[in-house]
Amino acid sequence: TTRATESAPWGTPVNLGSKVNSPAIDSATWISPDGLMLLLFSDRPGGFGSIDTWMTTRPSKGSAWGPPRNMGPSINTSYSAWITAISPDGQRIAYAVRVPRDLRREDDGPEWTELHVASLEGVSRPFVTGRVSVSRIAWTPDGREIAFLAKRDGEKTVGLHLIPADGGEARRLLHHETDIKEYAFSPDGRRFAFLAEESVAEQKKKREEKGFRQEIYEEEWGSV
């Protein structure tokens, strides 16, 4: 689908055709800022895992998309990789990798989620790994850093972090008294907005952790 301006309504969706779509499960697409590259997840034949990341390109916005190609085994491993953000210059891809816990050494729980960055050629580098679960990965508007949400280094709540686009140590940009759920940068990158969980009284929180989540309402009934 397209629109004439950023404030105009979207037009009627148009199917991208058999070159892009397959009989398999195709989902979760991302398009580059210049509109010339499209990433998608698919379990079509020719992949390396259960669901792989594929890329298709076109020479101009008015041209048809070419046949998707697999991003290769560096990105598409036996673990689940989920593309989340294309850099502003369209040359790098930041994505999350779900890594199962080692139950011989770790407590049972959900998978860890790591941050990796790959080139368009499929060469990937780990950026944030280990016992961490990153989410909501996004590039800063200038492309110099990658933002993500995570609870790191003994933090009690999920905070907003930044890591240089070329790698290095991540730093915390914002810590809040409750978990941060969403955020968005202004176009110039000088400001950002965020959503966080509503604060819960400590006593109620302890009850909920034990499974007591009932909501009790009282009503007065009168005679008819």
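**Pockets, cores and strand pairing**

Strand β1 (residues 26–31) contributes the largest share of the lining of the largest pocket, namely 3 residues; strands (E, at least two residues), like helices (H or I, at least four), are DSSP runs numbered from the N terminus. The model is predicted, and local features therefore need pLDDT of at least 70 and side-chain atom pairs pLDDT 80 or more, whereas totals for chains, interfaces and linings use all residues. Residues are numbered from 1 along each chain as its sequence is written, and side-chain values use heavy atoms, with hydrogens and water left out.

The largest pocket has a volume of about 790 Å³, and of the 19 residues that line this pocket, Thr1, Thr2, Trp10, Ile31 and Arg58 are the closest to its centre. A pocket is here an open set of points on a 1 Å grid over the protein atoms alone, where a 1.4 Å probe fits, with protein on both sides within 12 Å along at least five of seven lines, and lining residues have an atom within 4 Å of a point. Grid points are joined across faces, edges and corners, and the volume is the space filled by probe spheres set on the points. By class, the lining of the largest pocket comprises 9 nonpolar, 6 polar and 4 charged residues, where Ala, Val, Leu, Ile, Met, Phe, Trp, Tyr, Cys and Pro count as nonpolar, Asp, Glu, Lys and Arg as charged, and the others, Gly among them, as polar.

The second largest pocket holds about 380 Å³ of space and is lined by 15 residues, of which Ala85, Ile86, Ile137, Ala138 and Trp139 lie nearest its centre. Two or more residues of this lining are given by each of β5 (80–86), β9 and β13 (180–185), and β9 gives the most, with 4 residues. The lining of the second largest pocket divides into 11 nonpolar, 3 polar and 1 charged residues.

The largest nonpolar core has 17 residues, and those with the most contacts inside it are Leu115, Val128, Val134, Ile137, Ile146, Phe148 and Ile163. Such a core is a set of buried Ala, Val, Leu, Ile, Met, Phe, Trp, Tyr and Cys residues joined through side-chain atoms within 4.5 Å, with buried meaning under 20% relative accessible area (1.4 Å probe, protein chains only). At least two residues of the core are supplied by each of β6 (92–99), β7 (112–119), β8 (124–128), β9 (135–139) and β10 (145–150), and the largest share, 3 residues, comes from β10. A second, separate core of 15 residues includes Met37, Phe41, Ile83 and Ile86.

An open sheet is formed by 4 strands in the order β1-β2-β3-β4, with antiparallel pairing. Because β1 and β4 (69–70) stand at the edges with a single partner strand each, one side of each is left without a neighbour in the sheet. Strand β3 (residues 52–57) pairs with β4 over 2 bridges, pairing being assigned if DSSP finds at least two bridges between strands, and Met55 has Arg69 in β4 as its bridge partner. Thr53 also lies in β3 and is buried, with a relative accessible area of 1%. Beyond residues up to four places away in sequence, Thr53 touches Leu40, Phe41, Arg69, Asn70, Met71, Ile75, Asn76, Ala81 and Ile83, a contact meaning heavy atoms within 4.5 Å.

Elsewhere, β13 is joined by 5 bridges to the antiparallel strand β14 (residues 192–196), and Glu182 stands opposite Leu195 in β14. The hairpin of these strands has 6 residues between them, and Gly189 takes a positive phi near 75° there.

Terms used:
Buried means under 20% relative accessible area, exposed over 50%, partly exposed in between (1.4 Å probe, protein chains only).
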